[in-house]
Amino acid sequence: RKFGESEIRPHAADWDKRGECPLNVIRAGLEMGLQCLDQPEEYGGAGLGTKPACMVFEELAKSDAGVTCAFSVTGTAAVPVMKYGTEEQKQLCADILFRKGGLGSFCLTEPGSGSDSGASRMTAVRQGDSYVLNGTKCFITNGGYAELYFVIASTDRSKGNKGLSGFLVTRDTPGLTVGKEEDKCGFRTSNTVELVFEDVVVPASCRVGREGDGFKQAMAALDHGRPYIGAVALGVGQRALEEAIAYSKVRSQFGQPICNNQAIRFMLADMEMRLESARCLVYHAAELIDQHLPVTMNGSIAKCCATDAAMQVALDAVQILGGYGYMREYPVEKLMRDAKIFQIFEGTNEIQRVVISGNVIRKN
């Protein structure tokens with residue numbers, strides 16, 4: 001909280017206006033270890049678990065969601081390596097991301113394949129003791145500044161999802177270039193770029209797991225990352241609620257503060273119920289991860305509910321502030337713009353409902 005309120009919150013509106021990723025502040029957070037709170041101490045992490053990490057991300061996101069996701073996405077990128085990688089790969093990941101405090105990127109989405117990862121057109125062709133990667137990834141968080149990329153590419157396009165494989169690619173690898181940086185509606189403090197791979201040669205030792213394991217690895221990363229995303233969304237929503245409450249106490253209409261009007265009081269009650277319900281779901285999913293229990297359905301439920309709640313709460317906050325809520329002078333319009341992306345990335349909320357319904361049908 002102290003770091004967010006002193007180093008992030010006072011500057012977030014200016015960064016947002018300029019579309020600036022505040023790298024110096026992010027580097028300070030990396031030095032604090034905010035990207036590896038749930039990683040084992042033996043690899044340079046804090047060993048605290050997923051639930052404490054979610055608590056930190058929720059608190060930081062009250063100051064700015066984009067900065068917070070620089071840390072959470074780095075953690076997500078590390079998950080497939082730490083779960084499926086060799087000891088050498090784990091040490092490489094730990095050295096770059098945890099001990100030296102580098103940023104990581106999770107590279108799955110392509111211009112023609114978002115929710116349908118099996119349609120990936122990026123290829124990884126085996127040539128002796130190496131693989132040659134060709135293709136384009138888009139909407140990659142941290143992509144412009146990352147030191148390590150976890151990249152999903154197809155080693156056999158005829159097999160769809162079963163032909164995907166995961167690779168570790170370091171920033172200095174020849175043929176890897178950063179394309180355009182996205183000019184986003186919200187979430188503007190997050191670095192979001194296109195990555196182009198042109199005859200990028202990586203040793204076969206950089207393939208994580210076996211050929212064809214990429215989809216499983218990507219889903220494991222997303223399972224782990226969805227409580228993170230839910231927690232960040234909660235922080236956005238909680239900040240919006242706090243701003244709405246503060247404004248409702250000082251804004252008077254018809255001779256009294258508007259928080260005395262039943263319509264406003266009921267809106268505030270609904271906002272609190274949405275956030276508290278979602279918070280229970282997010283931290284329950286995090287606890288399942290910490291207990292090494294299945295989390296796929298609960299993670300999807302938590303991500304979907306928390307991000308929908310954050311969006312609605314942000315919209316309600318704008319409504320409570322009225323005309324001022326639509327002005328950049330007040331922070332709620334930024335919170336509204338930031339909240340929207342959480343219903344889209346890390347798996348759209350429509351995809352979450354596909355995952356949830358599939359699990360429900362199989363269970364019953």
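Biologist: Is T189 buried or exposed?
Modeller: T189 is buried, with a relative accessible area of 2%. Buried means under 20% relative accessible area, exposed means over 50%, and partly exposed lies in between, using a 1.4 Å probe and protein chains only. This is a predicted model, in which local features need pLDDT of at least 70 and side-chain atom pairs count only at pLDDT 80 or more, while totals for chains, interfaces and linings use all residues. Residues are numbered from 1 along each chain as its sequence is written, and side-chain values use heavy atoms, with hydrogens and water left out.

Biologist: Where is T189 found?
Modeller: T189 sits in the loop between β6 (176-181) and β7 (192-203). Helices (H or I, at least four residues) and strands (E, at least two) are DSSP runs, numbered from the N terminus.

Biologist: And which residues is T189 in contact with?
Modeller: Setting aside neighbours within four places in sequence, T189 is in contact (heavy atoms within 4.5 Å) with A12, W15, D16, E20, C21, P22, D64, G66 and V67. With D64 there is also a polar contact between the two side chains, at 2.4 Å. A polar contact is a pair of N or O atoms within 3.5 Å; within protein, one must be able to donate a hydrogen and the other to accept it, and residues adjacent in sequence count only if both atoms are side-chain atoms.

Biologist: New topic: how many disulfides does a search of the whole structure find?
Modeller: The search finds zero disulfides, a disulfide being a pair of cysteine sulfur atoms within 2.5 Å. C185 is in no disulfide, and the nearest cysteine sulfur, that of C69, is 15 Å away. C305 is in no disulfide either, with the sulfur of C304 as the nearest cysteine sulfur, 5.7 Å away.

Biologist: What about the accessibility of C185?
Modeller: C185 counts as exposed, because its relative accessibility is 59%. C305 is partly exposed, with a relative accessible area of 35%.

Biologist: Let us turn to helix α8. How many residues has it, and how far does it reach?
Modeller: Helix α8 (residues 262-290) has 29 residues and reaches 42 Å from its first C-alpha to its last, close to the 42 Å expected. The expected span is 1.5 Å times one less than the number of residues.

Biologist: What do the buried residues of α8 pack against?
Modeller: They pack against α4 (50-61), α7 (214-250) and α9 (296-321). Among these buried residues are I264, L268, Y283 and A286. K51, which lies in helix α4, is in contact with Y283, A286, E287 and D290, leaving aside neighbours within four places in sequence. K51 itself counts as partly exposed, because its relative accessibility is 29%.

Biologist: What is the phi of F139?
Modeller: Phi of F139 is near 55°, a positive value in a residue other than glycine. F139 is in strand β3 (residues 130-141) and counts as exposed at 54% relative accessibility. E346 also is not a glycine and has a positive phi of about 55°. E346 lies in the loop between α10 (332-341) and α11 (349-363) and is buried, with a relative accessible area of 13%.

Biologist: Last one: how many helices and strands are there in the protein?
Modeller: The protein has 11 helices and 10 strands. Of its 364 residues, 55% count as buried.
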